[in-house]
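Here's a quick briefing to read alongside the model.

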Amino acid sequence: MRNACNVFVFVAEREKEVMEGGHKAASKNEFTECWKRANGSPYIMRLALSAGLGGLLFGYDTGVISGALLYIREDFEQVDNKTWLQETIVSMAVAGAIFGAGIGGWMNDKVGRKKSILLADVLFFIGAIVMAIAPAPWVIIIGRVLVGLGVGMASMTSPLYISEASPTRIRGALVCINGLLITGGQFLSYLINLAFTKAPGTWRWMLGVAGVPALLQFALMLTLPESPRWLFNQGMEEQARDILSRIHNPGEVEEEMRAMQESVEIEKKENELAGHSLGEKIKGAFANKVVRRGLYAGITVQVAQQFVGINTVMYYSPTIVQYAGIASNSTALALSLVTSGLNAVGSIISMICIDRYGRRKLMLISMIGIIVCLIVLSGTFLYAAQHAPAISNQDTLAFGANSTCKAYTTTPNLSSWSCTQCLQAECAFCANGQKQFQPGACLVADKSIRGECRGKNRVWFSSGCPSRIGIIAVIILGLYILAYAPGMGTVPWVLNSEIYPLRYRGVGGGIAAVSNWCANLIVSESFLTLTKALGSAGTFLLFAAFSFIGLIFIYTFVPETKGLQFEEVEKMLEKGFRPFPFNKNKNKNKNDDVNNKLEGDQHASH
């Protein structure tokens, strides 16, 4: 993929002729060709956008639950009172996605990429309807599992389909469309959430609307062909050639066919050593040196993507904004919309930079920015907690003994209590409407008492305390998103679509996607529990520590695939990757080879 994502850039400079590792850089003519191909071939763009709707579904589901959860808590008191139930509603989609990604890897190789996407759409549509009509929290959970199955399959199949059905020189840009649509789906979900905040049924509309893009993608995918690489691998060479002729320029078709033929011949030799069942393929993948090294890189970036804490921001964004001291649901959703918009901006930056500066460099820079933002965010939440408004005993008792927080009435030192201690005791803070930063009441976190507090024109805080620096936390959250999106947001999916040999591409992508969703499940299922145990400051500091570990692993295990065709990636992995300073021996061998060649040339000249 040679500087493909710069198809969205009008001006480009010619880079050095030979990059690190000896790979050629794209010329200015190639930029012009990329622009013409993307704009002059509606079929290619229709293919990428139609398949990329899987990314939209992925992003929509990630974002919509964050706003819907605020209103589900208001409709179902047991959800509002039980942190584990909130985490379960959020994370059951992730649990479903784990199975969806695992099954999707097998289905991609067995029945093809197109049918896998169609099945994902069906599951997502059914799940959306189930959630919309749910009479109880357990029905919402069933719908979340179905949606998760569809999301898991789409998360790995859509970028794989786009990658295999795209011309080499604009493959990176087209795969990035999937990443852009993920962030676009998140942004759309916040818009939908805001649109239905005043409508009857609020969260039902928010969750039910998700069925529309699934239905649209199903209709569009029926008009598109199967992946030509999958068809070729199944022996349907003429069908593959016909599809390639519609995607590639005439002179490129035979070159692409030859490249696929080489891959198939290699696979035939490998088939003699490995079986065809899913278990045999997984075993064969880890036994194969090239695939194993690809998995080291693929799994590393997918797990790191989750342990930086991004989906806690996406799943619980309005809740985090409320942690910063903003009580209003609609205001929290509006500010979350800003962070989601920044995510989309970051994805566009990734599209501009990914093939110019490389996958590895973008991820490393991204991780450094993430770590800095998480540390500063942790400090901001710590300061806010230490300067929370005090509890007024007079205000509290004014609501009556039955409304007063039980833990507050039994504490030996009432004057030591602030809003922070009140919320830690699983109670709520009822602030003065016009003077939120002044002492307020510590009350039982009950729906009826919440209505009583609001009835007196006061503001109810159950997630975070009023804070003068709350807006600073929201700004840092935005910077965190801008650091995340260009690198760790889109690059892991691009890397996993290109780093495995053809025969193992489905199962390799499936293993990496399952790793992503397992890490996602751990983070999303534990976030609210962690904030209760460690506080917001401690939780984000923990994510900073995880991010630092991820930075080390990415530096150690992830090679650069910029400018390489699939077959060249295989050869690179065959040789192995060692970063500085572990590559000194390799550089020494290269220098020895150069010196020997120079000595040979000198002898020849004499």
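Accessible areas here come from the Shrake-Rupley method with a 1.4 Å probe. On that basis, this predicted model has a chain that exposes about 24800 Å², with carbon and sulfur atoms supplying 62% of it.

**The chain overall**
- You'll find 26 helices and three strands in the chain.
- Of its 606 residues, 59% are buried.
- Take the contacts between residues at least 6 apart in sequence: 81% of them join residues at least 24 apart.

**A look at Thr 300**
- Thr 300 sits in helix α14 (residues 289-307) and counts as buried, at 12% relative accessibility.
- Its side chain reaches the backbone oxygen of Tyr 296 at 2.5 Å.
- Leaving out residues up to four places away in sequence, Thr 300 touches Leu 295, Phe 553, Ile 554, Phe 557 and Val 558.

**Salt bridges**
- The whole structure has nine salt bridges.
- Glu 498 pairs with Arg 359, with the closest N and O atoms 2.9 Å apart. Glu 498 is in the loop between α23 and α24 and Arg 359 is in helix α17, so the bridge ties together parts 139 residues apart in sequence.
- Both ends of that pair are buried: Glu 498 is at 1% relative accessibility and Arg 359 at 0%.
- Glu 426 bridges to Lys 532 at 3.2 Å between the closest N and O atoms, linking the loop between α20 and β1 to helix α24, 106 residues apart.
- Here Glu 426 counts as exposed at 52% relative accessibility, while Lys 532 is partly exposed at 45%.
- Asp 109, Arg 113 and Glu 164 are joined in a salt-bridge network.

Methods:
Residues are numbered from 1 along each chain as its sequence is written. This is a predicted model: local features need pLDDT of at least 70, side-chain atom pairs count only at pLDDT 80 or more; totals for chains, interfaces and linings use all residues. Side-chain values use heavy atoms; hydrogens and water are left out. Helices (H or I, at least four residues) and strands (E, at least two) are DSSP runs, numbered from the N terminus. Buried means under 20% relative accessible area, exposed over 50%, partly exposed in between (1.4 Å probe, protein chains only). Contact means heavy atoms within 4.5 Å. A polar contact is a pair of N or O atoms within 3.5 Å; within protein, one must be able to donate a hydrogen and the other to accept it, and residues adjacent in sequence count only if both atoms are side-chain atoms. A salt bridge is a side-chain nitrogen of Lys or Arg within 4 Å of a carboxyl oxygen of Asp or Glu.
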